[in-house]
Amino acid sequence: MSQMTCKSLTIITLAGVIIQMIGLSLFVWGFFPVKPALTGVSGPESYRAPAFDSDENYGNISLPPHQLRSLYQDLSGIPPSFDRLILLVIDGLPAEFVLGKDGNPPRKAFMEAMPYTQSLLANGMAIGYHAKAAPPTVTMPRLKAMVSGAIGGFLDVAFNFNTQAMADDNLLGQFSSIGWKMVMHGDDTWLKLFPGLFTRHDGVSSFFVKDTIQVDQNVSRHLVDELSRDDWNLLILHYLGLDHVGHIGGRSSLLMAPKLAEMDEVVKMIHTSILTRENDQGWTLLVVVSDHGMTENGNHGGSSFEEADSLALFVGLRGHVSDYKSATQNTAQQVDIAPTLALLLGVPIPKNNVGVLIAETFDQLKDDHQLRALELNSWQLFRLLDAQISCLSCANISLNDFSDGQPSVTTECNDSLEKMFCCLYMNAAVLHSTWKSKKVSQSSSWEDYNSTVIAYHKFLKTASEWLSSRATDKPVDLLAFGVTAMLLSCLVLLSLTLHMGREINLIEKLHHYHSNNDMQMCFLDEIFVLGVILILVISMASSSMVEEEHYIWHFMSSTLFLILLRKTVQLLPAQNSLSKGTKNFKFQMCSVFVLLISGRILRGCHQGGVNWTHLPDISKWLENSGGVHVKTVQLVSGVSVVILGFCFLSLLSSKKNVILVVGFNFLVSGLLVLVHIVKYQENAFARSSYGATISAQMIYAVLGSTTVGTAVLSPWFMPIQISKVGSSRDIYSSISVPSDVKDKSLLMALKDSLYVIGWAYIFSWCLLQLLLQQPINAMPILLLLVQILTSLLHFSYSGLHHKEWVEISTLYFLGMAGHFALGNSNSLATIDVAGAFIVRGALHQECQFRTSSPDNAGLSLSGSADLKFNSIDSIHNCIAVNEESFICLECIFSEYIELLQKNQELVVPAAFHRISFKNMAALKHCFLLSMIVAFSLSSFQMSMAARNLLQAPAGPLPTLPPMPKVALPPMPSIPTLPQATLPPLPTLPNQPTLPKLPTLPPMPAAPKVTLPPLPSNPIPTTIPSIPNIPSTIPTIPFLSPPPST
Amino acid sequence: MVKASTTENPSQSVSPMQTFFIHLICGVGLAVGLWVAHNFYSISLISNPSRTLRLIWVTMCPLVILFYSCFRKNPEKCSYLKAVIRGVLALPIGALVNALGAIALGAPVGIQYFPKTVNWSLLMSLFTFVPAASVFGSSWEDWRRIFAHTKPNASVDYMICLPAHGAVIGAWFGAWPMPLDWERPWQEWPICVSYGAMAGYLITMVLSFVLVLARGGQQHPKAD
């Protein structure tokens, strides 16, 4: 067997890991494409044809509002149809309830509940649309889509977490630029999106999902007053009650019909008021929309028909709708609402709009005005196309190409993409101009008009579809390349590991250890660990398995513990030699039982996931039983963590000054954390007070200096003791490698220092978590610590009977199960952002005050409740992950971040421990460690790839979360959103922990070659990188969870 | 019963026919339990899991204990009655172990689940512990050989070891559909786990018969 040199090993490993990282970044890059969006807002230039070559600079729009308004009127050439707009948003109302489905009228109960609306539809006074919403079907992205007409890229969901104000061009901004006064009553999402834009507002929170009455009364109580006023141009009413009814009882809830009746009353009230005031106030348009639908159970978030089936109902158009059927059986896209409203109300279409105007709503206009509207929409879309296709230049297709012959709609446009758009556009434009010239000469015919309309619609439809699909399409070659690179690196690392394994086997065979009689039985745990990887990859194919992943991890880890129990019994010495090993055996048995019991308690702490969140669990029980109990549990856990910390520090064989110093640091930081808990965690106000922030910062400082100091200094000061071979108290001296005594003592010192470093790291992590996590999570943290320690002890007692990678993956399982036990889930909504406020959170308080505006004092958020989304209101805040591949991706994405975190949290320190436990096998560890990481990464990748493949054939058009990209919020007016929340994103780039792993290998090799002089010990050079990790762990503090409806 | 008592002498070495007979009895007992529940009480595992499980284990209990006791180890030292008593004692103990195992793996805890868990674990005990207790008694070495090492030597070992493992593994796999959101009534604890356990039990009984049949010829040389 060829002996690999240390150098080549290192190089190959490094290469493998680097390839892995490159592949991963390529994959992520390809998978989450960032689409260019146009900045700025549409101005007067949008009423001029897009100039192909010259830059479109029409000067800045600094006109006063009323001038701008008349300028727009002049330029557009369409008399504004309406002066006032009432936007009635009924959250979560499926269009099916009002319009029926597939030609059938809605359910009888619903028909009867909404007599007025149905009569409007039947009399041709209203026209309704099934407006298809793009996922994620949750409120904020949908509102953004409605007002801007844009579909955001996937990553916007993640990047815009704490973005509140909408910076993109949108209808409300346009209205305000022409001096409209706006009033909003209802969901406070509007206030977050458009701070300072409303002259009057009353925001209600969507937070109290159980409240179906008050939440709507808070809106309706303003109705009479507002309708009698004439100082507004836009009135937005956003009713949340119906969504809440859905969340509580699903579509068939008993409360549904009464709620619909209430909404019908609102429509009736508004419409009668419009009718009575029609003449003196100008024309008012009432648009009833819903932001999304709901599933049979009342959830939403995905892209199923039920969820995406939102309503768009135009009431008060003066056009002529013939019958009930044609008023109800129309479909549109939700984004179409934006251009339609813009054109009806005489403002430029927002820049990033991908919607197409809804033709029937313009029926009351004259022919030339209708064509003009189509033309304006085409210009806007053409500009957007121009921005997205770099070489879209229609200059070379001159008008002459068309004008010599009689242009017709049937002109074939099957060229390349750019040419096709140009061709379609020019076709329509030419037809339009011909029609216009003919009209002047009074010779225009209906056919000409018709063909122009068709040509325009053809272009608009093609462009709109292409633009929305742009948001989802992914560069396949990039993805393939990324996957290949990752597979390659996996192969490299795998072959390396196999090679190493063979060598080590050989060495072991040469030396000793082959008295084992039942080798074949020992493999069950190894087979199982490998099987788990397979099971995980397979389970990722099922969306509910992704939603309920915590069950899998708990099941797997418990099964592994049971297998370890079985193995312990197997390895029990035969009865004749029972006396010798029985104590050891008993300890091992006990440790497995401790693992099982604490694992089960951890599992019972939080009912995560989506489907079973309502079941009772320990955290709910504790919270209901009152703050005192929570606090007691928290304090007990804190004290136990500190005590455990000392116990394990004292296990070290050498009790020298270093240990004392580290111990002292432990004590100080432990006490600080306890004091912080006692003093400041009473309520959110105290939590964010100045003193609390200072104390938290002090804890950070102490913990940071402890870990860094230990890592840097302990290898230098760790005494080299010339001890006998492995003292009896040495828990990690399970192997004795024949070597000379001096070598041994150096290794012992190395071992000890690594032990101290690893332990300081784990302990600091626990204290940090105690500080940052919710009080309810203190006990899970303690249990996690106990589990980690018990498993380490178990493995060190059982000696060489376990393979190292089995041990490391056991710790990994523990980490994953523990991650979910802390109340996390694969939904972005459960990311607990409260921790971000603890250290940098003075602004937090303001946030509190703002959310509880005086008007809904009864509903004001109390205590720190507002940030604990998962515990209070998990049903509502979970982005329901129903059968929805893209959100699953999101899950995987967030999971992936977590996974990296967990790797840092557990595997790394664990690896250090193992290294210190078994000094000679250290080299092996490093490879195994990177193997584990590679495995976990590749399982992630494979699931991603599988997802992608699954997703590819399905119409990619609408699957994009249509959150418009919102640049980082300028938000000068509302300081509610502390920027403090931004730091989280850096966690992603922080993955580079991976590359650190491969740097380890040289370390153990050093002692082998020559005995390095102590000060030049290579360890200090590599170790300092570790302590950086704790700073990344905290929670991913995305600020607010996705705005739930 | 009469037939069984006449064949009790060869104790350790069991003929394939006897294996087949025992397995058939156990399988029939299981089926009868289900059948009685379905036809006489008009309940099923889905509509009333707790009562159905109770019916099954009550039906199977005497069959398993009485028949497996015929193959007890060291028949000369240990009377038939003693073996039966051992089996009866092992029933609650095994149920406790099974219940703890299930709870460790995530079975729900709570008053409303208690009867279900109890009846399920009694049934599991009949699949796993009771036969072993009737045959081996408290012989730690034998237990370890069967359950920890999974090294059956004699035919009777196969008869005990394989179905027990099959039931446990079947139950383990049976738990997989539980977190899925199909919203079927049988996804509740312990319905699909019971189905999995029964399926595993039945399959491995057939397997055990086949193995006993296969090693029928070379039984004696391999016994040492």
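What share of the contacts in chain A with a separation of 6 or more comes from residues 24 or more positions apart? The share is 82%. Two residues are in contact if their C-beta atoms, placed from the backbone, lie within 7 Å.

This is a predicted model: local features need pLDDT of at least 70, side-chain atom pairs count only at pLDDT 80 or more, and totals for chains, interfaces and linings use all residues. Residues are numbered from 1 along each chain as its sequence is written, while chains are lettered from A and ligands numbered from 1 in the order in which they are written.

**Chain A**

Chain A holds 44 helices and eight strands. Helices (H or I, at least four residues) and strands (E, at least two) are DSSP runs, numbered from the N terminus. Of its 1045 residues, 53% are buried. A buried residue has 20 or more other C-beta atoms within 10 Å of its own; an exposed one has 12 or fewer, and a partly exposed one falls in between, with C-beta atoms placed from the backbone.

Helix α29 of chain A covers residues 657-680. Its 24 residues should span 34 Å at 1.5 Å a residue, and its end C-alpha atoms are 34 Å apart, so the two agree. The expected span is 1.5 Å times one less than the number of residues. Buried residues in α29(A) include A:Val658, A:Val662, A:Asn665, A:Phe666 and A:Ser669.

A:Ala749 sits in helix α32 (residues 741-772) of chain A. A:Ala749 is buried because 21 other C-beta atoms lie within 10 Å.

**Where chain A touches chain B**

The contact uses 20 residues of chain A and 13 residues of chain B. On the chain A side, α24 (543-547), α25 (549-571) and α26 (578-605) each supply at least two residues. The most come from α25(A), with nine residues. That side divides into seven nonpolar, eight polar and five charged residues. Ala, Val, Leu, Ile, Met, Phe, Trp, Tyr, Cys and Pro count as nonpolar; Asp, Glu, Lys and Arg as charged; the others, Gly among them, as polar.

**Nonpolar cores**

A nonpolar core is a set of buried Ala, Val, Leu, Ile, Met, Phe, Trp, Tyr and Cys residues joined through C-beta atoms within 7 Å.

| Core | Size | Members include |
|---|---|---|
| Largest | 140 residues | A:Cys766, A:Leu767, B:Val64, B:Leu123, B:Leu126 |
| Second, separate | 124 residues | A:Leu191, A:Leu235, A:Ala312, A:Phe314 |

Leaving aside neighbours within four places in sequence, B:Leu123 is in contact with B:Leu53, B:Ile56, B:Trp57 and B:Ser194.
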